[in-house]
Structures are given as structure tokens and as C-alpha cells.
Amino acid sequence: MRRLLWGLWLYTFLGLLSACNPQSSTSDAVRVRWVRDPESLNPLTIPNDIANQAVGLLYQNLLTVDNQKQEYVPWLAEKLPMVQHQDSLTLLTYRLRSAATWDNGQPIVAQDVAFTLKVMNSPGLPNEEARARFSFIQDVRLDSTDARQFTLVCQGRAPEYAYVSGEYPILPEYALDPQRQLRTIPLAALTQPTPVSLSKYPVLAAFVQRYNAANLDKSPMNLPGSGPYQLTAWRNGQALTFRRKTNWWADRLPVQQPQLLARPKQIDFQIIPDNATALLALRRGDIDIYPMVPANEFNRLRKSESGRQALRFYTADSYEMVLAGFNSSRVPLDDRLTRQALSYLFNIPALIKATQNGMAYPSVGLINPQEKAVYNDSLPLLTYAPQQAEVLLRQAGWARQSTGNWTRRLAGGQTQALELSITYRAGDAAFETIALQLRNAAARLGIPIQLRPTESTLLLGKLRAGNFDIYLRTLSGNPFAYDFSPLLHSASTGISNFTRFGTPTSDRLIKAIVREEDLGRKAQLLRKFQVILRTESPLVVLFFYRYRLVANRRLTNLRVSGLRPGYEVMAIEPLPEG
């Protein structure tokens, strides 16, 4: 599983407009609502799917995904890699497109890929997640006869390596290391299990200092990319503007390919946290695209005559889910029976109705029900069952006191109370509703739960540090890769495994799923994994979204799909006038 929208404009007359009256736009920009700021556009530390969408305008991976065909396609690479096996190693040979160049006209070559991998593995940089995710890439072999060809040396054998190995932004060596000093350090020296000391390589220490000083989190313009757009303005908490390059390398290709389309001359992401304000902006014609319109408003607009005349409406069953995770390292939640008990306190059908107006669907776990070959339909959907929760709490050793609360004796003789908190992104109405429903259900059972909405800029650090009991988040998946290592492997604890769950059995199974080449056996392993997750209950998948997107009728070719963000902004173009 791999693979999160922004804007703020001032409107002083929120309630004055009651009918759709979009203004015809003379701008060459496509204007998109985002619900919040991307926080960082550093290609090493992409904190959310909003930032991921923006980074995809600036930089390019070796491979990308055709959302409508739901398959990997070449991006900077000219084709998918050639795969060879050598004992316990997988060798992936890529060649970069002959036309691909940086903005200064310099060709993009294999040395840029090797440089990128060194940056991803350099100590002293904020690359923990990237380093963990791509740890299977142990070395890179350059081709002495072809500067654009290289071979990635991967530890182990897994069919998904052929795709995951191309999923990181390629960085320009000339801009970050003009003296080519990192070429003196072999990649294999940086990918060892024991991180190399900066003191061993003075040139590496100097590079790390330069990279951090570039402040790429907020100043990505300091690092040119191979993508079709440049960031021309970033008004924090208000808007980001991307302008199309006038001389982008892919424009010279004789045949245009869908993954290399870049139609809009300008893309404006307007950060509008408030849904009512965003809806007004859509109806006024001040934004062109509103992803994930609240379900009630989506249906209301779609049924109105004015809405149908001015707007187009799209839906797609998505691979994005809302889940609740339990911090299994904390004593109240360190046993599976307690986690199972709390799972029965989510009223999932009511939450789907209340937060999505029915435009979502439940699942037994992390696998989308649409993936029938691997979805474990023998498991029942979770039901709201407070009585079953009470039974499980007693089995876990909890006893209900005369006060109504629950306590249990610890090994040392101390008494522990069952008191919890739930952490989630502040300002998210759906998360607020879910947290309130859980708190009320738990209170009726005698379990106090405190609500802890947290600013998005602070949330990731809090989750990584394990400073929470229960958390709510969204998670984007896809139908063609099943690597649960970042989410649930014990080696990812403190990086992206926020539940801090992991057993020898589950760790082995996660690795076995990745390595398995036979689709039938992989399906069996995935079904077994879903059973383990239900038994251990480190998290609860509440529902998968049904994407809801509304766009100005003048726009076409949105390439709507169920993969995040649900549309392809670079492919959008206006309908001909007339």
C-alpha cells in the first residue's frame, strides 16, 4: 500500500448568493480548491498527498501511474525496467528518455539517479521514510557505454520491485552538487544497515549542510526539477501558483503520451479550509475544481437546474480510506482484546451516513472490497456492539467499578484505569464527528475518551513519537501493490508505523506478501494477513471514500479515477469556445 487538498480567499458576503452564477474566466489558469497548506515541498519529505500532488508538477519519478488504466507507465524512464535475477538479488535495468533534460538544457543522466539515491540515504537529512521505503535498493551500476542507462541492485526477489524502484523524484546533481563530490562515495557505503558517520566523509557532511541550508521545504524554487511547472508564488495558507515552463523537454517528443501531458498554462491551488467558503467560490466561478465536495452539497448541487447548467459532476469508488489506529505500545492498548473491544464501539454505518451521506463503503480491512481476488470476504464487517465490547474488556482483565469506570491490576500490583484520548487533524469535520461518536459510545460504557484535535503541522511528529492513544487519519492505497511494511512492519516504528504494532509472525507475513510472485499464493497470504489484522486489531478501517468532484463545465479531460487525488490536473484543458 502506498501512496493526501488546500486554499484561502476572503469573502465578506458568504450568504448573499443562493444560486449558481459562475463567471466566465478569461484566465489561462485552472483553479483548484485545496483544504489546507502542503506544509513542505521538499522532495525528500513529502508529508501528505497534497504535497505529493504539488511535487509531481515540479519533479518526475522514473515511473508513474496511469490512473485510468490503473497501471504503471514510464515517466522519466523510456520504458519499464528489464528484470533479471542473480542469486538472491534482483537487477532492474532502466534507461532514461533521450529527450529528457534539465531546465538548463543539460541531459538527465544515470548519474542524476545515483546522486538521488545517495541523497535519500545520506545521514543528517530528513530522509528517514524514504530510506526505509527504498532500503531494498542496495547499489546502482552505471553503464560505461550509455550515460542514460543504469542497473539497480536490489536485495531479495519481489515482483513489486519493478514498480516501487521508480517511485521517487529524480534530483539534479548539477544544482545540488556542482563539484560532483558525492561521486567519490559509493552508494553501497550509504545503504548498509548501520548508517555511515558523516565524519567519515567530509564532503558528505558539507553537502548535507548545503542541502539543509537551501530550505527546500518552503523554497522549492531553489531546486530545479524536470517537471513541466515552476512554482511562481506561495502565499502561506492562501494559495500556490504553478506556471508552465515555456520550453519543457517533453514538448519536443514526436508523439505525446498521456503521462507527459501538461495542458494548463497555469495552475492555482487556492487554500480554502472552510467548506462553505469553498462552495461559494465554486458557485461564483472563482474556483474551477472542487475535489471531495461534502456529500450533502454535492447531491444538492447535482439536483439543481443551475448546478447542472454550470458544472460537471464526477464520482469514483476510491482506494482512499479513513481509519482509526491504536497505539499498541501504550499499556491500556497493549493487548489485542482491549483493542478488539474498542473496535466494536465504532458505529460505521452511522458514520458513513453522517459524514459521507452514504457515499462511502465499509471494508473488513486495508484491502478494498473491489479487489475481489484478494479481499477476504469470509470475515464479517465490524458491527456496533457495545455488549460484545464489554465481554472482551472483561476477558482482557478489566473490571467495572461501582463508579462505572474500568480498572485492572497490573503485574506489580498497581491499579490501572481505562482512560484514553483520540488524536486527529484539527478542522476536519468528518474526523470530529468520528471522534465524538466514539467518545459518546465509550462514555456510555464507562470509558472516558478525551478529544485532541491537533494542527496538521504538529500531527506527524506527534504520531511518530507515539504521543497518543488512538488516532484518526486517511490513507491512500492502490489496486496493484501490497507492501504493508511502512504501515505495520515493526522496522517502521517511529517512522510511518504509527500503531507501533509488529510481531515476528506479522513481520514475516508482510515480507512474504511482497516477495510472492504467484498471484494465487499472494492472494492466500493477503487473506491470511487480513485475518491477523482483525485478530490483533492494531487499526480499524472505517470506510473507503467514494470520490466526489465538481468542475466548471468549461473544463474537460479531467481523467477522473479512484486513485488519489481523483483527477489529473496536468491533463485538464478547456472546451473550445462556441
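**A buried helix, then other spots**

Mentor: Bear in mind that this is a predicted model. In helix α2 (residues 110–120), 10 of the 11 residues are buried, so the helix is largely enclosed by the rest of the structure.

Trainee: Which residues of α2 are buried?

Mentor: They are A110, D112, V113, A114, F115, T116, L117, K118, V119 and M120.

Trainee: And what covers the buried residues of α2?

Mentor: The cover includes the helices α3 (128–133), α5 (173–176), α6 (187–190) and α7 (202–213), along with the strands β6 (137–142) and β7 (149–155).

Trainee: Next, S165. Where is it?

Mentor: S165 sits in the loop between α4 (161–164) and α5.

Trainee: Is S165 buried or exposed?

Mentor: Buried: its relative accessible area is 0%, and the cut-off for buried is under 20%.

Trainee: What is S165 in contact with, neighbours within four places in sequence aside?

Mentor: L62, L92, Y94, F136, I137 and L152. With Y94 there is a polar contact between the two side chains, at 2.7 Å.

Trainee: Changing topic: N376. Which loop holds it?

Mentor: The loop between β13 (360–361) and α13 (386–395). N376 counts as buried because its relative accessibility is 3%.

Trainee: What does the side chain of N376 make polar contacts with?

Mentor: One partner is the side chain of S378, at 2.4 Å. Another is the backbone oxygen of R527, which lies 3.0 Å from a polar atom of the N376 side chain. Beyond four places in sequence, N376 touches V364, R527, Q530 and V531.

Trainee: How far is N376 from R408?

Mentor: Their C-alpha atoms are separated by 35 Å, and the two residues are 32 apart along the chain.

Trainee: Back to helices. How do α12 and α14 pack?

Mentor: α12 (residues 348–356) and α14 (residues 429–444) pack at an angle of about 150 degrees, and their axes are 10 Å apart. The crossing is right-handed.

Trainee: Which residues make that contact?

Mentor: From α12, L351, A354, T355 and Q356; from α14, A430, T433, I434 and Q437. By class, four are nonpolar, four are polar and none is charged.

Trainee: Last one: what about pLDDT?

Mentor: The chain has a mean pLDDT of 92, and 95% of its residues reach 70 or more. Over residues 1–26, pLDDT stays under 50, although the model has 104 contacts beyond four places in sequence for that stretch. Where pLDDT is low, the predicted coordinates should not be read in detail.

Methods: Residues are numbered from 1 along each chain as its sequence is written. This is a predicted model: local features need pLDDT of at least 70, side-chain atom pairs count only at pLDDT 80 or more; totals for chains, interfaces and linings use all residues. Side-chain values use heavy atoms; hydrogens and water are left out. Axes are lines fitted to C-alpha atoms, for helices over the stretch in contact, and angles run from 0 to 180 degrees between N-to-C directions. Helices (H or I, at least four residues) and strands (E, at least two) are DSSP runs, numbered from the N terminus. A crossing is left-handed if the near helix is turned anticlockwise from the far one by less than a right angle, and right-handed if clockwise. Contact means heavy atoms within 4.5 Å. Ala, Val, Leu, Ile, Met, Phe, Trp, Tyr, Cys and Pro count as nonpolar, Asp, Glu, Lys and Arg as charged, and the others, Gly among them, as polar. pLDDT is the predictor's confidence in each residue, from 0 to 100. Buried means under 20% relative accessible area, exposed over 50%, partly exposed in between (1.4 Å probe, protein chains only). A polar contact is a pair of N or O atoms within 3.5 Å; within protein, one must be able to donate a hydrogen and the other to accept it, and residues adjacent in sequence count only if both atoms are side-chain atoms.
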